[in-house]
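Hello,

Here is the structure for you to look through. My notes on it follow below.

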Amino acid sequence: MSDEPARDPRKDMIDAIWRRVDALAILRPNFFRQTPFRLTLVFLCVYVFVAALVFGYIYLATSTESRAWGNSSIDARIKSLQDLDAREGHAAVVAKILGDDAVEWVFAKGVFDGSGQVLAQNTRARMEGRNLPDTVIKAGLKEVNSGNPITSLNFFSPSPNDPSGCCRFQGRILRLDDNFFIYVAMDMSWADHGFQQEIKAVAGGGLLVVILGLFAGTLINQEVTRSVARVTSVLERVQEGDLRARIVVRDSGDEFDALSMRINQTLDRMEKTMGNLKYAGDAIAHDLRSPLSRLRTKLEVSLLDVDKDPSKAHDALVKALEETGQLLRTFQTVFSMSRLQAQGQAPDQVVFSATELAEDMAELFEAVASDKGLEFDFEIDKNIRALGNRDFLAQALSNLLDNAIKYTPVPGGVTFRMRHTSQREIEFSITDTGPGVPEKDRARISERFVRLENSRTLPGVGLGLAMVEAVAVAHKGRLVISEGPGVFDGQGPGLRTALVLPPVAG
Amino acid sequence: MNVLIVEDDAEAALNMQRGLKDAGIEARLAGDGEQGLRAVKDEMPDVIILDRMMPVMDGVSMLTQLRSEGADVPVLFLSALGELEDRVSGLRAGADDYLVKPYALSELVARVEALSRRKEKDQVETILRVGDLEMNLISRVVKRQSKIIDLQPREFQLLEFLMRHVGQSVTRTMLLEKVWAYHFDPQTNVIDVHISRLRSKLDKDFDRPMLHTVRGEGYQLKA
């Protein structure tokens, strides 16, 4: 037993969570730099800018209007006082100002002499009077005396209701004679107040939009981040070598699902290719190990033999060469298969005469079959064309024919056919009267290096059908293994192998 | 015969040289394409063995330049296992034959001999003669000691090839490639069977056999 202390599973879990958090931290080096959030910020900035523009326009429009309205109201009162003065004299003006009623509450009115001394004020002016500073009156007087019969008068005063607030008065001074001046000022707070209300409304609404916008932005951000994190975490796992990692697709049909499905498909393909490559690499390493070590042992034994009897040296070397040749052939076959599988399709495919290929193969192998004492028949349809790599297909057919001849005992026969199927596929089939292959074994005999028990006495390494399969797949075709003609006269049931290629377009 | 080996792997080159020497063929060595072109200028070889992958100037470039300068010297192109594209590009650049590494030394020698012979026999012939064997390429009649030998079309082609390469070893792969025009590994004795058929027709009724098996290499037709 090892001395290592047992690991705390909770610690493992926490570690795992931390790793996950770390992974997310990599994703968000800075919250404010994430795309959805940045988009939200941009949106909000644009919103604030537009709101400010609209607000500014409203301000300009309302303030101009209220000022104009105020001025006309003031002017009307100035005019009426001026008329009264002309008709009835100064005393009537003073009486009129002192008699102001509540209707005139928004107006501050007063009379002062040439020294700035206030002679009379209406009620509002009296209340605000302390806030009508001498300096304002002096400045007004100076201006009026310098030639302007009427001058403006603006001042601020704490509101009677709200001493801390301020009322803005807008008004005019009129010179009636050297020692008699009247002023009328209007409390503009109502306009200011309305405007303040507008500011409050717009600012409040704007703030709400900004807050809601930030909130929504954060939510969207989280959602997008989560979607991206699902993708990224899978890609990280792939990067770490876990090719089986897949993104969970939520069936929402959005672009993240589309992206996820695309990535998953790519990963499927990658996994398959990598699997094939790994498998090919493993297969090469595994399958060359035993023949290589056999060769080594053989050479060592030969060396011992040669030490005792030097005349055996030549034979030993010839044997070693043969063995090496066989090894290289095995290697080349495995290599070709791996390349076919990795490339997914056979290289240099052209349209060629399948009839000619079949006739050549029949001619080549008829000799081999009859040399062994087997009957060999062939039926080859004329004018059939196929798309493919002729040499690879020849290799595949050669393997099938070689197998059939090798495993069929004498007396027996091999039949080779080539025809169009009803689907216009091109079918090369080889039927023999040998012992066949039990159905349970048929699926695995096209695997690499699989040799059934009763075939072990015959030469071969078990790559023939695997190569046929690889060639078939590389041509988008298939290898079909089925029962032969059946048991007859002590022969059979036989085996039928068929290499089927897709129809040639056009 | 004078062969030029253009190969950057010195050990491989020396082994080739050794193997060729054993067959009575002298070979010079060049380490890359540029050296190869210089060696060709020094003395035109009968056959060039050209490796695909080399530093400075690779096989395809050298071959392209050689052909553009009008040199029609036969070239045997060597390409690494599985690099089918190399093979195709080599043939396209003007190679006369190719061999995929790893190859058997005997295969290399046989192909070099075949290439050198091919050049000699380029002129049009109507009758091939080897010893008492005669092949009329027009009437397609084969006679040995005036006795007609009845051959199937493919057997005729096979014999023609052997006669054109009389005295040379030809390998099984060469026969499959040159007579049947297929390039694959039959993993079986296909060629042997066809040779033995031909042999039975050619040598059966005669005291002296012409078609010999060269152990570990292939076959040879001798006068």
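Axes are lines fitted to C-alpha atoms, for helices over the stretch in contact, and angles run from 0 to 180 degrees between N-to-C directions. This is a predicted model, in which local features need pLDDT of at least 70 and side-chain atom pairs count only at pLDDT 80 or more, while totals for chains, interfaces and linings use all residues. Residues are numbered from 1 along each chain as its sequence is written, and chains are lettered from A and ligands numbered from 1 in the order in which they are written.

In chain A, helix α2 (residues 35–88) packs against helix α6 (residues 189–239) at an angle of about 170°, and their axes are 9 Å apart. α2(A) and α6(A) are therefore roughly antiparallel to each other (angles over 145 degrees count as such). Their contact has 19 nonpolar residues (Ala, Val, Leu, Ile, Met, Phe, Trp, Tyr, Cys and Pro), 1 charged (Asp, Glu, Lys and Arg) and 9 polar (the others, Gly among them).

Chain B has 8 helices and 12 strands, which are DSSP runs numbered from the N terminus (H or I, at least four residues, for helices; E, at least two, for strands). Of the 223 residues in chain B, 37% are buried, meaning that 20 or more other C-beta atoms, placed from the backbone, lie within 10 Å of the residue's own.

Between the chains, 21 residues of chain B are in contact with 24 residues of chain A (C-beta atoms, placed from the backbone, within 7 Å). On the chain B side, α4 (84–93) and α8 (190–203) each supply at least two residues, and the largest share, 4 residues, comes from α8(B). This side divides into 11 nonpolar, 7 polar and 3 charged residues.

Regards

How values were computed: Contact = placed C-beta atoms within 7 Å. Parallel < 35°, antiparallel > 145°, perpendicular 65-115°, else oblique. Buried ≥ 20, exposed ≤ 12 C-beta atoms within 10 Å, placed from the backbone.
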